[in-house]
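Subject: Structure handover and notes

Hello,

The sequence and the structure are below for you to keep. My notes on them follow.

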Amino acid sequence: MKKEFILLGMVLSLLSSFFLWENRVEGAAINSYFTELDSNGELLSGELDDIKFQIIRPVYQGNYETILNDITDRNGKPFFKKLGETRFTLIGETIFYNNVGTYNNRKLSVKITMLTGLTGLDSNYWMLLDTDCSLRIRTKNSQLSGEGTIQYTLVYSDTKETVPFVAVEMPVSIRNAQGVNGGDRLWSYASFSMRGLIKVYLNNQKEEIAKTKVSQFKASSSGRDLMKVILSESFGPSTPQNYVLLHLNENSGGVVSGLFGTFAYASVYTFFKSSIETPREPTYGTPSIKGEVVSDVFSAKYTIDQALVSTYNRFYPDSFSLILEDKNQLFQSLVPKTIKVTNRQGEDITDKVKIEPVSKSKLKIDISNAVLKELKDENLRIEVSFDELEVKKLLTRYDQKNGSIDIPLTTYNVTKKGSQETVFVVEEGTAQIIPTISASPKKQTVPINTATKELDLETLLTEVKSTIPEDILQYSFSEEKVFDTVKEDSVAVTLTSELLPELKRSIEVPIKVTDDIVTRELFENQTWIIDAINEQLKPKQIDEDIYHSDLVKIKQIMINANQSYNHQHIPNAINYLRNLEVLTLKDLKLTGSLPVEMGKLDRLKQLNLSGNQLSGLIPKSFGKLESLESMDVSNNKLIGSIPKELTTLNKLTAISFMNNQLIAQVPKFRDGFQRFNISGNQVTYNADTIPSFIKSSLAGEAKNTFIDGLKVTIDSFKISDADLTEIKPFDKENPGYFRITLSHKKEAIEESELYDTHLFTIKDSASNKVLYEGLRDESVKIPYKKGIKYTVILDQAELNPNNQYTVLTKIPELKFDKVPENMVFEIPLGINLKSPVKIAGKFSVYDNRDSGNWQLSITTSSLKSEDKELNGEFLYSDGKGTELSIITGQKAPIFTGISDPENEKISIADRWNAKEGLQYRISSSNYIGNYQGTVIWTLEDVPNVE
């Protein structure tokens, strides 16, 4: 396919073109600058231009919503207040028609200056904004208007400087009754400046070309050289004269155009009449793209305006495509979340175009030839949003100063006609996402002396949201404080984005501080804590005259085992004893779990909860007990793992988890403990030695753990189904069940069950591929094949041999392993002489069954040499003096054996010698020679006979 790019030539080349065109105006016939076309765009007179450099046809790229702000006066203020409004015009008045295209990545405007206008109370000069966004200009029928009604030039919108080295194609429509005034003998005409003129095209619908008169004259008022065009009288006041003016854009003030009417009819000059056809294949302007700023969602939104160009049917391309391209790889896909295409009137015409993702980074909006003909000079507005974004990449573009992320998107248009594809100039627009965090505060009521660290941060806010996809918000207090005064207070909660840490939001949460009477319900009616508080604060009593402000006086609770608090538990509100330093509740038979709220006792130094029946997990919040020096939770029923958060407690020097039901890897603690006891738990450490923080402890123990003592074992299993491809390792009814038990490598212990909460990793030993990782689950299936070996690892402790075991698999089989290729013996002639039979190769049976019996039988043929047969018989001797005669042609059992599940292979002939094994005994009447025959060996499974 041939591709052609519309580009600018060199400046020097274009400068030469300017001089060239100036010379042509001076020296060539005036008619060479005028061309007439019929309604199909066919030539009636003159020639088409052959200009090779950039042609710009200003076309408004907005719609009814934007037009009033895009036509402004010298000061940038809107010139019109509404569509259809009429404004009287003054001589020298200048307006700017903005948003008419883009060039060199700069917005374009048309500067329009009125050369005629009001000088007093004359209403003949006015301008109207028509519904097709054209400007309808009325002028007085005077010689001055004929020499110049308006002057226009193409300028950059930002600086109002003339756009150099381009040709401007301007469609204008004139309604001016043609003919001659009988009294003055003056003809009506239209005029166009000759300076920079390339061509004037007329759509002569009357096709009366013989009556068209083109001449050149010099304006008496300004001295300008002008082209005068007089048409046939059939162009009456209601018949439009549709022109396309093609001039070089110059700094000399611009193109001048005028009209003179000899009759009393109003002469009207319509500027920017975009429905007038261009006399060539249209050059589509660069699309205008504007990114929107969004903060409520993480989406990139853009508005693209593309002005279409009206032309004759034969000039329309086969297709027109608007391309959106992600050149920075910021989108996962350019499949739009939403897209809407509207015309200038705001009507939805999305169904008229074809929207097609071309690739991951390119989206095409395609308009067919038929639709182009239908839409003609419409302006298309495409409103599109994308939410499939490369979030992590975009976050690296975050501008903390502006609080935004720029997302550029490139757009350009492509036309195709036949095999030729033309790509026009690109434009880039930038959308902005402002990532936001939002939340609503939830008023709290707290008792006096509550500290911020005792508050649950996540309950202080509701409707918490980050607009960043998959973001997680971190909560923190802007400052730590204690609410030690009864009043209406507040605390600032800071939300921080995990994906974008620079993004924060501080929200003030109102706090009502109270000092109420402490009730038994606060401590869940647990007698042990109520008695302890009453004892220390007597004569005050809970439910009567103990207030929350009194609880700060409680610094230690130590309860002896001789007091009965059977089946009581630790209440959640224990954190209200915020100054508690010692808590000893040993051997009280307490049940329940350890409250998460205990982690708020940041002054607690000694904690002893040993000898109870506490269950559940050790809360991670215990890692906040920064003052803790000793912790004893031994002899309970705690489950789960030891929280790694405990490793951060620098004052902790004595700890005991002994005799619980803890599992998993012990986190790495620092050295220097006085006591560290984890004995009696199914815990491990990912090493083949005892960790140093236990070894270095003055009283460090890890007995009956996978660190010291315990080892996992798994029985091998046999598969009888040769076609089996899957097994269920945790299903007791499955042939591939892993029977997992614990053993002690130093001393015999009772078989104990492995806790269900262990994490299992099952690998193919040969490939090291993980086949399963998770908890025990009867439904889990893993691949099986003959001879596969599985490595089972407990709690991911691959470096600890006590935590892994290799499981062997086999199919129970009874078969010959090796059978001799031939057997020989040599024997002299004689009577009743015997010779042992020697075998070539190995002779063995394969039997890997756990318990089985088998029998080996032999069937021999007669031995022959040509036409002679050897007289004799085979014998089998058991080595103990018993001989078995083997009758030729009959199966004779000679040997029995049992399975060997460990070695699997059982030798038959290794011990055969002159006294034991297979032999041959010769009879009388034989001849010397070489005799041959066959032997059939039969191996059979037989019952176990005691």
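D900 lies in the loop between β71 (892–898) and β72 (905–907); helices (H or I, at least four residues) and strands (E, at least two) are DSSP runs, numbered from the N terminus. This is a predicted model, in which local features need pLDDT of at least 70 and side-chain atom pairs count only at pLDDT 80 or more, while totals for chains, interfaces and linings use all residues. Residues are numbered from 1 along each chain as its sequence is written, and side-chain values use heavy atoms, with hydrogens and water left out.

D900 has a relative accessible area of 21%, so D900 is partly exposed (buried means under 20% relative accessible area, exposed over 50%, partly exposed in between, with a 1.4 Å probe and protein chains only). Not counting residues up to four places away in sequence, D900 touches D847, N848, R849 and I906; contact means heavy atoms within 4.5 Å. R849 is 51 residues from D900 in sequence, and their C-alpha atoms are 6.9 Å apart.

S193 belongs to strand β13 (residues 189–193). S193 counts as buried because its relative accessibility is 5%. Its contacts, leaving aside neighbours within four places in sequence, are D225, L226, H247, V255 and V256.

Next, the strands around β2. Both faces of β2 (residues 34–37) are covered: F34 and E36 are buried on one side, T35 and L37 on the other. β2 pairs with strand β14 (residues 197–203) in the parallel sense over 4 bridges; two strands pair if DSSP finds at least two bridges between them. Within that pairing, V200 of β14 is the bridge partner of F34. β2 also pairs with strand β3 (residues 43–45), here in the antiparallel sense over 2 bridges, and E36 stands opposite S45. The hairpin of β2 and β3 has 5 residues between the strands, and G41 there takes a positive phi near 85 degrees.

There is also an open sheet of 7 strands, paired in parallel in the order β40-β41-β42-β44-β46-β48-β50. The edges are β40 (556–559) and β50 (699–701); each has a single partner strand, so one side of each is left without a neighbour in the sheet. From one strand to the next the twist averages 15 degrees (axes are lines fitted to C-alpha atoms, for helices over the stretch in contact, and angles run from 0 to 180 degrees between N-to-C directions). Helix α6 (residues 527–537) packs on this sheet and touches β40 and β41 (582–585), its direction making about 120 degrees with that of β40. Inside the sheet, β42 (residues 606–608) and β44 (residues 630–632) pair in the parallel sense over 3 bridges, with M631 as the bridge partner of L607.

Most residues other than glycine have a negative phi, and most peptide bonds are trans.

- The peptide bond from K538 to P539 is cis, with omega near 15 degrees; P539 sits in the loop between α6 and β40.
- K589, in the loop between β41 and β42, has a positive phi near 60 degrees and is not a glycine. K589 is partly exposed, at a relative accessible area of 47%.
- N704, in strand β51 (residues 703–705), is not a glycine either, and its phi is positive at about 55 degrees. N704 counts as partly exposed at 33% relative accessibility.

Last, the largest pocket, which holds about 820 Å³ of space. On a 1 Å grid over the protein atoms alone, a pocket is an open set of points where a 1.4 Å probe fits, with protein on both sides within 12 Å along at least five of seven lines; lining residues have an atom within 4 Å of a point. Grid points are joined across faces, edges and corners, and the volume is the space filled by probe spheres set on the points. The lining has 26 residues, of which K453, E454, L455, D456 and K600 are the closest to the pocket centre. β33 (444–447) and β36 (473–477) are the elements that give two or more residues to the lining, and β33 gives the most, with 4. By class, the lining has 8 nonpolar, 9 polar and 9 charged residues (Ala, Val, Leu, Ile, Met, Phe, Trp, Tyr, Cys and Pro count as nonpolar, Asp, Glu, Lys and Arg as charged, and the others, Gly among them, as polar).

Regards
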